Amino acid sequence: MAHSGNILVTGGAGFIGSNFIRYVLEKTAFKGRMINLDKLTYAGNPENLSDVAKAYKGRYVFVKGDICDFKLVGQLFKKYQPSMVAHFAAESHVDRSIFGPKDFIETNVNGTFSMLEAARNFWNGRSDVRFHHISTDEVYGSLGRTGAFSETTPYDPRSPYSASKASSDHIARAYFHTYGLPVSISNCSNNYGPRHYPEKLIPLLILNALEGKPLPVYGDGKNVRDWLYVEDHCSAIWRILLRGEAGRTYNIGGGCELKNIDVVRSVCRLLERVRPSASNAALKGGSYSDLITFVKDRPGHDRRYAINSSRIRRELGWKPAHDFEAGLAATVDWYLKNPAWLAAVRRASYSEWLKKNYASRK
Ligand code: NAD
Ligand code: TYD
């Protein structure tokens, strides 16, 4: 698979976007230029790509800016003439959307509109181009004990985050049906892996455990998520960009349903193996699992997500390359080997956010 045009990536300084840029430049036959438009919110970190920026000078371009800035987005289309857009930029954390939904509507809804409108203006009826909108399985709502989300499951978003992503999916789909803009959409389950901002469950657990801090488990810990290693998400998106059909939606998932409490126990077990608590002074003689702390539940906490990804597996031949054990081991290894990244993230805003988050849960 090769592609030589330019790709405009939004939100490429965040978790999945930075892994996607790295994946495409380092592991595919892509020959063009990658333009990364990112506002650098608390979740955006140029450090995520500093080595890539050096190694791919001339083929990787960073632009600091807001996807809601329609004029800027139009200028970028004109200057770099992309033939593909990979639209990742979003406010992405459910808990933050509960405390402050405004930014979610602004970026996820209005920002997506701005990107679609600029693409429509610039591509002006071309069919040899692609706008890929990256979305979440959370738009489908919450499942009971059985079943899985398919591409035809009706939308039923329940948090301000998932509602804003659902809105953006509908607008993206409308641009295909109304204007013929070649849009594809993917709805993916929970990702984990390197460069994940430590407000989300798995990186939060790793860092708190290493520092001997509580491992907060919301409610009874029996909510279920379907986990996918981030590079497997990136390979799925790349396949859709190259071979997926315009106007089509693809669900992406690892077929790896786990209760939150089991994720917490897996992280503790793995850390005991690679960084035994007995040799970690922060643990003061206790074990990692002693840190598990049940806390007040998240309001409107979706009980279970599970993805039926048979369409992308059947039509595009995609499958994940990492199971949970291998993915988690690679993730923990990355966090252990990148203390400078962690220190920078912590300085930026992570600790203030945690303080505020915990205060409101008492
Ligand atoms: P993230 O929060 O780590 O990164 C988001 C990036 O977008 C940051 O670099 C941020 O600076 C940038 N951004 C935010 N607002 C912007 C704006 N107005 N203009 C330009 N840039 C802006 O998020 P992530 O986890 O990497 O998620 C990326 C995408 O994937 C999102 O659309 C999210 O909904 C979707 N998704 C995430 C998951 C997951 O598990 N993390 C699962 C499925 C889908
Ligand atoms: P999260 O990583 O925030 O992703 P999402 O809400 O998009 O699924 O949370 C994953 C699951 O872990 C979710 O059920 C909420 C739960 N959770 C905790 O139990 N404790 C925590 O500290 C966090 C951040 C999440």
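This report covers the ligand shell and the nonpolar cores of a predicted model.

## Ligand 1 and its shell

The shell around ligand 1 holds 28 residues. Ile16, Asp38, Ser92, Tyr161 and Lys165 come nearest. By class, 12 of the shell residues are nonpolar, 12 are polar and 4 are charged.

β5 gives the most, with 3 residues.

## Backbone contacts to the ligand

Backbone atoms of the protein approach ligand oxygens at several points. A backbone N or O atom of Gly14 lies 2.9 Å from an oxygen atom of ligand 1. For Asn191, a backbone N or O atom is also 2.9 Å from a ligand oxygen. At Thr41, the distance from a polar backbone atom to an oxygen of ligand 1 is 3.0 Å.

On its own, ligand 1 has 840 Å² of accessible area, and the protein covers 97% of it.

## The largest core

The largest nonpolar core has 32 residues. Ile202, Ile206, Tyr288 and Phe324 have the most contacts inside it. Elements giving two or more residues to this core are α7 (201-210), β8 (215-218), β9 (224-229), α9 (260-274), α11 (324-337) and α12 (339-361). α9 gives the most, with 7 residues.

Phe324 has contacts beyond its neighbours within four places in sequence. The partners are Tyr192, Ile202, Trp227, Cys256, Leu258, Val263 and Ser266.

## A second core

A separate core of 25 residues is also present. Among its members are Val85, Ala119, Ala172 and Tyr175.

How values were computed:
Residues numbered from 1 in each chain as written. Chains lettered and ligands numbered in written order. Predicted model: local features only at pLDDT ≥ 70, side-chain atom pairs only at ≥ 80, totals over all residues. Heavy atoms only, no water. Core = buried A, V, L, I, M, F, W, Y, C linked by side-chain atoms within 4.5 Å. Buried < 20%, exposed > 50% of the residue type's maximum accessible area, 1.4 Å probe, protein only. Helix = DSSP H or I, 4+ residues; strand = E, 2+ residues; numbered from the N terminus. Contact = heavy atoms within 4.5 Å. Near = heavy atom within 4 Å. Polar contact = N/O pair within 3.5 Å; in protein donor to acceptor, adjacent residues only side chain to side chain. Areas by Shrake-Rupley, 256 points an atom, 1.4 Å probe, with all protein chains shown as cover. Nonpolar A, V, L, I, M, F, W, Y, C, P; charged D, E, K, R; others polar.
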